[in-house]
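Here is a walk through one protein, with an eye on its side chains. Take a look at the sequence and the fold, then read on.

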Amino acid sequence: MSLLNSRKFRASSSEADAGIDRNQVRAKPDGDAARLLRIAVKIFDAAGSAIVLLDRGGEQFESIHGGERGRRAEIVALCQRAIGSGEKAVVRERAEAEGACLQPGSEESGHRLLSTAVPLFDCADKCVGALCVFGHPEIPPSTELSCWQDLQALARSSIRNRPGATLDRIVREFASVTSDAILAADHAGRILFCNPAAERMFGQSATDIVGRQFSALFPDCPSRSDKWGAFEPSASNDGFVEREALHADGSRFPTELSFASIGEADERIGFASIIRDISVRKRLEAEKRHAVTLLDTIVKNLPAMLFVKDVATREYVFVNPAAERLIGRPAKDIIGRTDRELFPDQGADYEARDTQAIALAAPFTFEGQFVRDDGETANVRTKRVIMDSADGESRYILGLSEDVSETRRVEAKVLQLARYDALTGLYNRSHLTEIMHDLVNAKAPFTLLSIDLDRFKAINDQFGHLVGDRVLKMVGERLQAIVGSDNHIARIGGDEFAAIIEGADCEAQAIELAQRAIDDLARPFEVDNRNCYIGTSIGMVGFPHDGKTTDELRGNADLALYRAKADGRGTYCVFDSRMDAVLKDQRELETELREAIANGEISLEFQPVYSVEDWSIVSAEALARWNHPTRGPISPETFIPLAEECGLIGELEAQVLQQACEAALQWPSHICVAVNLSPLQFHSGSLPSRVIDTLESTGFPPERLQMEVTESLLIQDVDRTFEQLEALRAHGIQVLLDDFGVGYSSLSYFQRFTFDRVKIDRSFVNEIDRSHTAKAIVEAIVRLGRKLQMGVVAEGVETEEQMHVLSAMGCTHLQGYFLSRPVNSKLMSRASLQNVA
């Protein structure tokens, strides 16, 4: 046993003053201390010996061997003298008065016994206590010196080698480097020790902390008469208790404390506490609670259905309120059950999709129909993701289901507007063109019928447009019944219709259907008790023998139609090679067009566009004009398609752009000029660079140039087209979407590209004052433009009533003959200084 492992006693002035008899509780020394004391008694032939050791805080621990224990105070006092001076201390005793008080320094005869104390040093030559031998006779000085040196060396070795010393050093070094505060206090809660971490934690030095009451650092802890026990009952699991601590600056912070008593069970001398600042942990816990609350709020208010299933059992383990609403059942009726149990008719399909999601490494999305208990059907798009639990043991299916029924209804309506004629409900021109493209690409044989009504203008003139519209609807119904669901019928404009007959025997079938159509449309149409009579002429062309492309087929069908009309109407005509005269004339026209473009004979007129806000001219559309020396004026509807067909469109539009920029330079600087772009212009991919070169050569500002594109252009090559439009837009050029509503008007175009304006096709404007359907379409386009912050231009305004209706609807710009016919550049410059009254 080490020197300090003997029973320890701490002397205090309070105990001495109180008259506490420490001898009554003193025990016989043992171990190293006992051996050292016995050796000292033998060497000096003394009455007894004692050892006093000091701890780091200055407290003393003593052990006495032999002699009178009632002399403890004198012995300790002598040791304290040696400790204080660091040198040997001696007192003499009277032999005849055994047990009398020690008389330091007395030389009277009769004092034959001595009491001597020497200081003890550790390996660092630090005084750590004293060794005392009392009631011993005098011995020669040299012998005495040697004996004391041996005893001091033996004590130093014992101090150095004792296990407790190493442990004490480790504990103290740990206390000095740990980040946790360590406080030690006595029974009364008075702090006896604090480590550097405690100084940092409480913002005070050790001098300020030691000697204070433990509760002074923890103001919320009540004072207790049973000393430090005030803390112990509050300890939570694992012996920890949470309390607010007080910093030197007056602020409070949360801490976690653990306690341990000091001393043995029958003689505890105080307690020690490890204190940890848990401010960060508390903040993280608060943030976690906030995050959980936020997530819970989001999940509860999420408009989409959120569900979680167990992968193994396929049972629902969680659903949010949106799921309850969509399914039509409360969560308690859903959780713990499978799809097969909940939805007998559809559950197997749902679980099959779960299986697909489990097999995939990526999220799995599926859209289908869900039938509620009340019989309502919803279009639901569900994304499934497989995730692991926190312990990594379980796997779950996380699903997010969105009710897209309304979206699908809107898309269907938009698709209806884009693909179908608003008046008759038949396909429109654009959709029929798509069908022809598909059939041509597939090399599938078909026959195209170009159907034109005879004498329909007389119906409008005689009975009005409302009656004319009703007749057109009835024509569409009769043609649909004749053509049947296996073929295709479309209204391609005004009183023009077209049909596509598919199959190997399509030509023979088309001839039969054409005759039936002629006969059926010759029957009267009864409207408001009035009979309306019309007729029809039909041109017919077959693929592939009468044309290889859709444009060629439509051109030849028109040739056949013109021949049918020339033959007296009310009949049909099949295209054949004997119509070469027309084709020959077209080839001659192509040659003449080449010469006209080469000689700069294509001129421009400009049709103003007016702002509804103040009826001023804000831009003008450049319109190409060809005045043939012998044929006279040739319609752009004739020579522009011809230019596209024979590869002249690039050169033609380059001239138009050059002339438009040069002319607009003479106009007021706030007026823009718009130039139409042909789809063929985008094929080479060099359009942006050519346009920019023209702007630089003419000095025309890019922000005053508007490029108009049609929906048919976007259909052909969306990615390549938008890439070039973006390049134009990046240079400051405005981009307008022309003839909106008659082509395949996909709303996805507006997601991919921001158009400056959208132009409503004149076919809707012509009917806006007499067709509720046309009016509804225009209103929808105006609302779309407002939402997307695009200007809306209505083309073909020909009456004052149309102007008022369109401006009341919210169209931002108007264009048409009622406002201004196309004019030359000089008249355009003058007109720009005026406005509509």
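## A salt bridge to start with

R276 counts as partly exposed, at 42% relative accessibility. For the cut-offs: buried is under 20% relative accessible area, exposed is over 50%, and partly exposed is in between, using a 1.4 Å probe and protein chains only. R276 forms a salt bridge with D180, and the closest N and O atoms are 2.6 Å apart. The term salt bridge here stands for a side-chain nitrogen of Lys or Arg within 4 Å of a carboxyl oxygen of Asp or Glu. D180 itself counts as buried, at 12% relative accessibility.

This pair links distant parts of the chain, 96 residues apart: R276 is in strand 10 (residues 267-277), while D180 is in the loop between helix 5 (163-177) and strand 6 (181-186). Helices (H or I, at least four residues) and strands (E, at least two) are DSSP runs, numbered from the N terminus.

## What you are looking at

This is a predicted model, in which local features need pLDDT of at least 70 and side-chain atom pairs count only at pLDDT 80 or more, while totals for chains, interfaces and linings use all residues. Residues are numbered from 1 along each chain as its sequence is written, and side-chain values use heavy atoms, with hydrogens and water left out.

The protein has 28 helices and 31 strands. Of its 837 residues, 44% count as buried. Its accessible surface comes to about 42100 Å², and 50% of that belongs to carbon and sulfur atoms; the areas come from the Shrake-Rupley method with a 1.4 Å probe, and for residues only the protein chains shown count as cover. Now for contacts, meaning heavy atoms within 4.5 Å: among those between residues at least 6 apart in sequence, 58% join residues at least 24 apart.

The structure holds 36 salt bridges. One of them joins the side chains of R92 and E138, at 3.1 Å from N to O. R92 lies in strand 3 (residues 89-93) and E138 in the loop between strand 5 (127-137) and helix 4 (141-161), so this pair ties together parts that are 46 residues apart in sequence. R92 is buried, with a relative accessible area of 15%.

How far apart are the closest N and O atoms of E795 and K759? They are 3.2 Å apart, in another salt bridge. Elsewhere, salt bridges that share partners join E242, E256, R281, K282 and E285 into one network.

## Rings

There are 15 aromatic pairs in the structure. Rings of Phe, Tyr and Trp (its six-membered ring) pair if their centres lie within 6.5 Å; planes under 30 degrees apart count as stacked, over 60 as edge-to-face and the rest as tilted. F214 and F259 have ring centres 6.1 Å apart and planes at 55°, so this pair is tilted. F214 lies in the loop between helix 7 (206-209) and strand 8 (240-246) and F259 in strand 9 (residues 252-264), so the pair ties together parts 45 residues apart in sequence. Both F214 and F259 are buried.

For F307 and Y316, the centres are 5.8 Å apart and the planes at 65°, so that pair is edge-to-face. F307 and Y316 are both buried too. F202, F214, F218, F253, F259 and F271 form one aromatic cluster.

## Nonpolar cores

In soluble globular proteins, nonpolar side chains tend to be buried together. A nonpolar core here is a set of buried Ala, Val, Leu, Ile, Met, Phe, Trp, Tyr and Cys residues joined through side-chain atoms within 4.5 Å. Which members of the largest core touch the most other members? Of its 75 residues, they are F606, L705, F755 and L814. Helix 20 (residues 649-664) supplies the largest share of this core, eight residues.

Apart from that core lies another of 32 residues, including I489, A517, F525 and C532. F525 turns up again with a charge: the charged end of R478 sits over its ring, 3.6 Å from the centre. That label needs NZ of Lys or CZ of Arg within 6 Å of the ring centre and within 35 degrees of the ring normal.
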